[in-house]
Amino acid sequence: MLNTKRQGKLAAVAVMAATALAITSCGSSEPTPAAGGDGASSAAAAPVTITVHTFGGGENFGYDEAVKKWNAEHPNIQVKYQNLTDRFEDVFLPQLLQKLQAGSGAADIVGIDEGAMGLMKARPQFFADLGQFGLENRKADFPAAKWENGVNKDGKLFALGTDIGGMTMCYRKDLFEKAGLPTEREEVGKLWPDWAAFMEAGKKFQAANPGKGDPKFLDGPNTLYNVVLSQEGPKNGNIAYFDTNNQLVIDKNPAVKTAFDTVKSFSEAGLTAKLASFTPEWNAAIKKGGFATMGCPAWMLGVVSGAAGDENKGKWDVASVPGGAGNWGGSYLAIPAQSKHQKEAAEVLNYLTGKEGHIAAFKEAAAFPSSLPAQQDPAVADLKNEFFNDAPTGQIFGASVKDLLPLFLGEKHAQVKTAAEKVLEGMDKGSIPYAEAWTKFVEAGTKAAG
Amino acid sequence: MTLNVDTPAPARREGPRRSSGPRNPGRGGRGLARFDLRATPYFLVSPYFLLFAVFGLFPLGYTAWVSLHDWELAGDKTFTGLDNYTELIADGAFWNAVLNTVGIFVIATIPQLVLALMLANALNKRIRGRLFFRLGILLPLVTSVVAVAVVFTQLYGRDYGMINWFLSLFGVEAIEWQNQSWSAWIAIATMIDWRWTGYNAIILLAAMQTIPKDLYEAASLDGASARRQFWQITVPMLRPTLIFVVFVSTIGGLTLFAEPVMFEGNPTMAGGATGQYQTVAMFIVKEAFRDFDMGYASAAAWLLFALILIGILINYSFTRRIGGKK
């Protein structure tokens, strides 16, 4: 009796404590939404705030300067630019989808990687029609493929292009010198006209760096794979994992197999540092010189300079890539339908994807403009990249994107890409035997698409 | 207030008359007072249950509803009945995640509880600086899970990790801990144990201190050794607490998430290239927020719920036998 009574009391006290906790936690969470809601209530009197959310490593979209300039010139439309994360497929994209589904929380302008454009095109209900703000007239500014990719399945324009990838090879000058390889970018480019020659150069480099702690020739599987896929895709119907009817062709597209085999051969030859890209270890190795080369689309230069930091200025350089032109990456800006200030957001979007915004981003993050007027502008064509030994990046990338055809990427491209590259990482690190890797690769991709 | 809750039924009639009589002699007032007496306790406890309904029951039911659909995140939803469940039961990746979760749970929890029991017993003795040691073993608990995981992941680093450096002194080749199941499981289990052993030890210690001293005195008079006293008195008397500790560890172990995610170093939720250490919780997040298949993930969440229930039942049947029948 005594015992049960005590238990009853205890239970009552526990419940009260829980209630008190619940009440206090309720109370403390209340002010947050009020503080966060900088939109509707203050719209009439105060200036409108347009939020811009992007992703990417290093310097990412490179809008710091462009936004500063805009804010100085437009006191009534203030832009708040925020880069949310390094990672697109497994962080930025799922968060964006959740916010779109929830109907709140997304920024007024969001960045979207080309890999998810198929997914977004199939969801027209979530984005504002840019045509109603007169942005249809920008068509002449973009290459046809870049423009078409911003039109959704209802035929409405919902996104405008920011940068375009192009393709070069980044290399560590200091490590090349130590290994007895040429260091000047023209000579380095001549060293590897194709991937077989690149392999030879790699073997030479590795022979000079035989030790366990010595740098490796390549970073890991991801960058090499994406470079080769971007080169082979255009030769095979301009597709990657999906054909234009959104049918999975991961096991049938020769471009995928060639890219896979190239990675496998470099991994088997022991030329990779076994690092997955966009990880802290990978960033650290860029900084410390853990590897000597990696495939570099234009935006990757911003990632490298951001990760390496100012103290490594001049150690990295860019040369032409083995195997010819290709496009990896490049992004878009769109306005979610949930935005309360679509009109003002459209003005900002028009500015950021306009000539001026493109040029500012190229200067800051080396993101090469997809905008044709910006490409032709001397500010881009003649620009040299200070971090990369004053490499004439305007010229290099201008040449590399000239006849570029971005690949068709299906609705589930981002998921398949993530799953398939995970297998490449496993193969490179040794948890998947080389003999089984291709089967596993196809399996993982098929599962992610299903 | 607590008194009211405990007031036995017969006394009820007297209660209101005494307290409300002088203040409000009318009939309606008495009814109100009775209503007050009956309803107030429920009213006072209701916030908890309301919150539980909103944040506990509703998501539970909604998850069940979602699990019956082919439900894409921010996409199409079609009713498919139990398709997700049948597909899941045939899915090797799911069972791989279950195996990992159970495997990590076993190699983490069993040594942990044994160690906690031994620690508690040691700290229950008269030793110098007892308070210091008692606080000391609880200290890991105040660190954040993520911080623990980050530090341990660095310790287990392939190139610059301290553990590989230590092993290299004995000529062991550098181990890539993430690469195989066994090594990843061990690494993750050590993170869990480092953080939770002290917590369990403190709970067991508190329970040990409630065991009446005279039991031990009587036992030593009868000539029982310290070891005998431990097994015949301490452990049986700890049974309710042990059951609690085992339950909490089971729930924690089967919903393991933060440690393996941090151990992987990137948020793909894959748990290694072939899912060497992907737990069920990671599997759920991967399906829902990496592959955007909410329906499938919801079905997996319900299967995890069932798995935990089974796990608890198994553990309960084990712990019930501790110290024989009571």
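A residue counts as buried if 20 or more other C-beta atoms lie within 10 Å of its own. Keep that in mind as you work through this predicted model.

**Exercise 1.** Work out how helix H14 of chain B sits in the structure.

*Solution.* Start with the helix itself, which covers residues 280–289 of chain B. Next, check its residues against the cut-off: B:Val280, B:Ala281, B:Met282, B:Phe283 and B:Ile284 are buried, and so are B:Lys286, B:Glu287, B:Ala288 and B:Phe289. That makes nine of the ten, so H14(B) is largely enclosed by the rest of the structure. Now look at what covers those buried residues: the cover includes helix H4 (88–102) of chain A, along with H5 (92–123), H13 (258–264) and H15 (294–320) of chain B.

**Exercise 2.** Find which strands stand at the edges of the four-stranded sheet in chain A.

*Solution.* First, write down the strand order of this open, mixed sheet: E7-E8-E6-E9. Strands E7 (216–218) and E9 (316–319) each have a single partner strand, so one side of each has no neighbour in the sheet. From strand to strand, the twist averages 20°. Then try the pair E6 (168–172) and E8 (291–296): they run antiparallel and are joined by four bridges. Here A:Met169 sits opposite A:Gly295 of E8(A).

**Exercise 3.** Decide where in chain A to read with care.

*Solution.* Overall, chain A has a mean pLDDT of 87, with 90% of its residues at 70 or more. Residues 1–44, though, have a pLDDT below 50.

Terms used: Residues are numbered from 1 along each chain as its sequence is written. Chains are lettered from A and ligands numbered from 1 in the order in which they are written. This is a predicted model: local features need pLDDT of at least 70, side-chain atom pairs count only at pLDDT 80 or more; totals for chains, interfaces and linings use all residues. pLDDT is the predictor's confidence in each residue, from 0 to 100. Two residues are in contact if their C-beta atoms, placed from the backbone, lie within 7 Å. A residue is buried if 20 or more other C-beta atoms lie within 10 Å of its own, exposed if 12 or fewer, and partly exposed in between; C-beta atoms are placed from the backbone. Helices (H or I, at least four residues) and strands (E, at least two) are DSSP runs, numbered from the N terminus. Two strands pair if DSSP finds at least two bridges between them. Axes are lines fitted to C-alpha atoms, for helices over the stretch in contact, and angles run from 0 to 180 degrees between N-to-C directions.
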